[in-house]
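Trainee: May I request a close look at one part of this structure, with an explanation of how its pieces are arranged?

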Amino acid sequence: MKHRLISLIWVQLNMNFAISHSRYYYLEKRQRLWEGVLIVVSVIMTAAVLAFGVYKLADAFYSQASLLHQEALTLTTGILAAQFLMLILGIALVIAVFYFSDDLPCLIPLPLRPWEVLASKFAVILSNEYLGLLVFIVPIFVAYGRRANVGIISYTLSAITIFLTLPVIPIAIASILAVILMRIVGFTKRKDMLTIIGGFLLVALIIGVQFYVQTRLPARGEEQEFMMQLLSQANSLVAILGRQFPPSIWATWAISEAGTSRGLLSLGLFLGVSALAFGLFLALGNRFFYQGVLSGFEAPTARRRTFRGKPERIRFSERTPLLSLAVAEMKLFSRTPVFVLNGFIGFLMFPIMFVVLLLLGNDPEISGLWSSLVNVPEFHSIGTLLVGAYFFLLTAFSGIPFSPFSREGKANIWFLRSQPISGQAAAMGKALASEIMIVVGAIPGLAVLQYTARLPVVSLIIGVSLGIAASYALCIWGVLLDMARPMLDWTDQQKAIKSNLNTVIGITTGIVVLFLMGYLVNLLFKRGCSGLVAQVVSGTVIAVVLGSGLRVLQLFGDRLWSSIEL
Amino acid sequence: MKAGDACLLKLEGVSKTYRGSSNKAVDNLSLEVAPGEIFGFLGPNGAGKTTTIKMIVGLLMPDNGRIIVDSHDIVKDPVSAKRSIGFVPDDPNLYNRLTGLEYLNLVADVYGVSAADRAKRIRDLLSMFDLASEVNDIIQSYSHGMKQKLALTGALLHNPPLFILDEPMVGLDPRSSRLFKDLMRNHCDQGYAVFFSTHILEVAERLCDRVGIIDKGRLIACGSMDELRKLSSETDESLEDIFLELTLPEQVD
């Protein structure tokens with residue numbers, strides 16, 4: 001039995017990282033070997049740059065924290081942030097991997113217990129989380145280890161143990177919530193829609209819990225007493241934060257006090273709770289997993305009664321090919337739970353977090369800073385650019401324009417490729433659909449921003465126009481990128497959208513471009529330029545990027561399109 | 001191209017080698033399909049049938065040679081060439097989360113079929129395939145055969161001069177299969193052509209005007225049943241006998 005599980009886990013990991021696939025195409029067939037090398041080198045270089053940035057940040061954080069004798073806060077902050085992010089993003093990931101994998105129809109008829117299938121899928125998710133943690137947590141552990149007075153062997157051993165077990169609790173919690181959600185959804189008829197709604201509700205719930213945790217920190221008027229407590233006792237803030245989520249403090253002590261009895265006890269507690277959470281998830285999964293999956297296999301029977309059985313009453317719409325492609329794309333995206341949960345999460349998460357931070361949070365300094373900022377006369381110009389930047393950021397983080405051909409997968413791409421449409425038309429249809437979804441998705445955030453910033457209508461219109469143009473430019477380049485290297489081989493839809501390298505490239509590019517634009521605008525303001533100049537310069541840059549994207553599409557679109565061979 | 005013109009499909013010295021492979025999947029293949037003709041494309045597994053079809057419909061690029069569809073080169077002018085084609089692959093994965101009607105409307109929009117024409121065509125084809133009552137259901141709920149019928153409906157919507165089908169009979173029930181065979185015949189009677197691959201040799205023998213047999217990427221025989229019989233040792237052999245004789249694996253001593 002043990003061998004069977006290990007074999008299953010190995011197969012899952014093999015498929016997840018495309019090990020056999022890469023070996024076959026890159027090493028045996030020598031097919032686009034340069035691409036494989038380029039991807040690996042690019043990923044390592046990007047990861048190294050990001051890791052170095054995190055290291056420098058953690059080092060600076062350590063210096064500030066040491067002034068208050070709160071050095072271990074460096075670890076707690078990183079661990080808490082990582083666990084919170086894994087929990088939020090884990091919901092969509094778990095639903096995709098557990099319930100929407102293409103290999104489930106092959107796995108379920110096998111003589112395997114539900115917990116075995118779940119354990120192998122869990123291993124896949126963990127392995128993906130490690131890649132992120134390598135960049136975001138390891139540098140923090142290194143920064144702390146270099147500065148703090150720790151024993152190198154015991155510290156390293158503890159840090160490795162915590163690194164390996166860190167995702168277990170958040171992913172187990174996300175998995176338990178997902179298993180319960182999908183069991184409930186299984187009872188209903190409109191499974192896809194309820195999966196989407198349920199997924200977003202779970203994310204909102206987690207953010208709500210986080211908000212609750214925030215409010216448990218000292219409120220206004222209690223700061224002095226709180227500060228005295230902090231200064232009187234080393235790392236007391238870690239204990240206060242940890243009270244809200246004890247595993248984070250156990251993980252912190254396990255590393256910072258490695259080799260001591262307290263460190264060992266904390267490590268034991270952390271491992272124990274992780275094992276308990278994992279065990280609870282497996283027990284629950286063993287009971288409910290297959291029920292949820294099997295109900296998903298049942299073909300939906302919801303029909304539009306108006307037309308049912310009466311072909312003479314069927315309505316026919318006539319659209320241009322471009323619009324028809326875009327409409328079909330939007331329907332396909334919005335009816336696929338995994339795509340919606342991944343692509344639209346930023347549309348809701350950003351405004352919710354903004355509201356929580358500004359309006360509901362108990363930090364008067366942040367609220368005060370924002371209030372004073374919006375009252376500065378130049379803020380109208382800055383606000384206009386912020387609106388534009390918001391559209392751009394949403395586009396980059398959604399992953400929508402960076403995966404339209406990948407999402408078709410090997411199964412469906414034959415259809416578009418065999419239709420009488422040029423590469424340019426196919427790309428334009430995809431870009432248009434992406435843009436419409438992003439513009440609609442930006443409305444909640446825009447409403448929150450406008451409610452708090454109260455920009456004049458003209459500034460808002462300019463901001464939205466800049467934002468739409470910037471977003472469309474990124475959509476065009478994103479679609480081009482995905483056309484050039486679509487990821488068509490995938491076993492679960494998650495891989496097509498968020499675990500797709502094109503999406504990672506899109507997010508990274510978005511951040512870099514936004515940073516450069518911010519730097520440029522700041523430079524203009526420092527040189528005494530007016531807000532209008534900043535807007536004109538930004539608009540010009542956007543126009544150039546958009547124009548060049550359209551030109552590249554015109555020149556190379558058809559060639560890229562025909563290079564997608566099946 | 002209208003009925004009566006020279007040929008609707010012409011392959012001239014077409015070759016294809018997959019990257020990383022030393023064997024040619026298709027090797028110097030030349031053939032023609034004339035208007036009014038049903039052309040059956042036969043071959044053992046891995047012979048190059050699907051690769052050839054994929055090149056004809058533009059899913060793969062040939063390494064050498066030319067493919068002319070209704071006087072348009074599929075490589076140089078793919079959009080015009082594809083307008084003349086109606087294609088159904090061997091395993092038609094359709095967009096599961098669209099309804100049947102949404103899928104058909106998408107196809108009709110892409111091919112520029114007017115609302116009036118599509119209404120008539122869709123009604124006729126749906127009622128022929130007995131799919132009218134399910135057309136507003138999402139495709140995910142369709143059986144394999146229903147998906148096959150929907151794909152066929154989509155491929156016929158614009159009344160294509162050249163109908164390309166990869167294993168079209170798989171998944172069809174006997175009634176639909178019969179209807180479909182009649183439909184192919186009617187289509188060709190209008191001066192159009194059908195090019196299809198199949199493993200069902202009885203169907204090919206009964207239905208096809210001409211048959212091509214491909215093995216290891218090379219066209220080893222091509223012609224009418226009578227012409228093929230002349231190639232075999234016996235003159236009254238069935239297509240199955242001829243096929244097995246021509247594609248017999250080489251004996252190793």
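Mentor: Helices (H or I, at least four residues) and strands (E, at least two) are DSSP runs, numbered from the N terminus. This is a predicted model, in which local features need pLDDT of at least 70 and side-chain atom pairs count only at pLDDT 80 or more, while totals for chains, interfaces and linings use all residues. Residues are numbered from 1 along each chain as its sequence is written, chains are lettered from A and ligands numbered from 1 in the order in which they are written, and side-chain values use heavy atoms, without hydrogens and water.

Let us take the sheet of chain B. Six strands form an open sheet with mixed pairing, in the order β6-β7-β8-β3-β9-β10; two strands pair if DSSP finds at least two bridges between them. The edges are held by β6 (85–88) and β10 (218–223) of chain B; each has a single partner strand, so one side of each lacks a neighbour in the sheet. From one strand to the next, the twist averages 15°.

B:D215 has B:R218, in β10(B), as its bridge partner.

Helices also meet this sheet. Helix α1 (residues 49–56) of chain B lies across β3 (38–42), β6, β7 (162–166), β8 (193–197) and β9 of chain B, and runs at about 145° to β7(B). Angles run from 0 to 180 degrees between N-to-C directions, with axes fitted to C-alpha atoms, for helices over the stretch in contact. Helix α9 (residues 239–246) of chain B packs on the sheet as well, where it touches β3, β9 and β10 of chain B; contact means heavy atoms within 4.5 Å. The direction of α9(B) makes about 25° with that of β9(B).

For comparison, consider two helices of chain A. Helix α4 (residues 73–99) of chain A has 27 residues and reaches 38 Å from its first C-alpha to its last, close to the 39 Å expected at 1.5 Å a residue, taken as 1.5 Å times one less than the number of residues. Of these 27 residues, 22 are buried, so α4(A) is largely enclosed by the rest of the structure; buried means under 20% relative accessible area (1.4 Å probe, protein chains only). Helix α19 (residues 379–398) of chain A has 20 residues and should span 28 Å, which agrees with the 27 Å between its end C-alpha atoms. Because 14 of the 20 residues are buried, α19(A) is also largely enclosed by the rest of the structure. Just after α19(A), A:G399 takes a positive phi of about 75°.

Note on methods: Buried means under 20% relative accessible area, exposed over 50%, partly exposed in between (1.4 Å probe, protein chains only).
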